[in-house]
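Thanks for coming. I will walk through one structure, starting with the chain as a whole and then moving to a few of its parts.

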Amino acid sequence: MLEFSFLPTTESRELVDDLRQVFADLAATLGPEQRAFSGEYHPSLDVVETSEAVEIVVDVAGVPREAVRVLFRGDVLIVAGEKAPAPAASEPNFHLLERGFGRFARAVRLSGAFEIGQAEARLVSGELTIILPKRLDRRGQAQAIPIQTESRPPA
């Protein structure tokens, strides 16, 4: 059974360093129209386990692919990025404001062994789906151990 927990970004120095690097990379590569210079966004996510993989689905509607990064370190998956507000053509007169904008980072600690080299991430219709294939569990199965012979020269 998969175990997971949500992880604050301050729990690990390495994860904090990873996030700093991600946000520095975003600042260097995104144009001003794609940047969120203030605010904090908290996208919802689901973690689903199947027999072959663990799937993480993150709601990132309005966030372009180039404004999202996905990292896996140790047993923690990090999804980080920026959601910029749409540019206003003129001085807006807001009547209701519920959508969030700004930088975001979600971290999920996962237990289990995964084939990270075969992992996939797809962004379709505002949903980022990350698929982490499970590594085959060989515990409890008999594994043959080859026996080598040592050839000694006659004495």
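**Overall layout**

Read from the N terminus, the elements of the protein chain go β-α-β-β-β-β-β-β-β. That is 1 helix and 8 strands, where helices (H or I, at least four residues) and strands (E, at least two) are DSSP runs numbered from the N terminus. This is a predicted model, in which local features need pLDDT of at least 70 and side-chain atom pairs count only at pLDDT 80 or more, while totals for chains, interfaces and linings use all residues. Residues are numbered from 1 along each chain as its sequence is written, and side-chain values use heavy atoms, with hydrogens and water left out.

Of the 155 residues in the protein chain, 32% are buried. Buried means under 20% relative accessible area, exposed over 50%, and partly exposed in between, with a 1.4 Å probe and protein chains only.

**Strand E8 and its neighbours**

Take strand E8, residues 127-133: 6 of its 7 residues are buried. Strand E3 (residues 53-59) runs antiparallel to E8 and is joined to it by 7 bridges; two strands pair if DSSP finds at least two bridges between them. Within this pairing, Ile56 stands opposite Ile130 in E8. Strand E7 (residues 120-124) is also antiparallel to E8, with 5 bridges, and here Glu120 stands opposite Ile131. E7 and E8 form a hairpin with 2 residues between them, and Ser125 in the turn has a positive phi of about 50 degrees.

**The core**

Which residues touch the most other members of the largest nonpolar core? They are Ile56, Val79 and Leu110, in a core of 29 residues. Such a core is a set of buried Ala, Val, Leu, Ile, Met, Phe, Trp, Tyr and Cys residues joined through side-chain atoms within 4.5 Å. Elements giving two or more residues to this core include helix H1 (13-29), E3 and E8.

**Aromatic pairs**

The whole structure has 2 aromatic pairs. Rings of Phe, Tyr and Trp (its six-membered ring) pair if their centres lie within 6.5 Å; planes under 30 degrees apart count as stacked, over 60 as edge-to-face and the rest as tilted. Tyr41 and Phe104 are edge-to-face, 5.6 Å centre to centre with 80 degrees between the planes. Tyr41 lies in the loop between H1 and E2 and Phe104 in strand E6, so the pair ties together parts that are 63 residues apart in sequence. Phe104 counts as buried, at 2% relative accessibility.

Phe72 and Phe114 are edge-to-face too, at 6.2 Å and 80 degrees. Phe72 is partly exposed, at 26%, whereas Phe114 is buried, at 7%.
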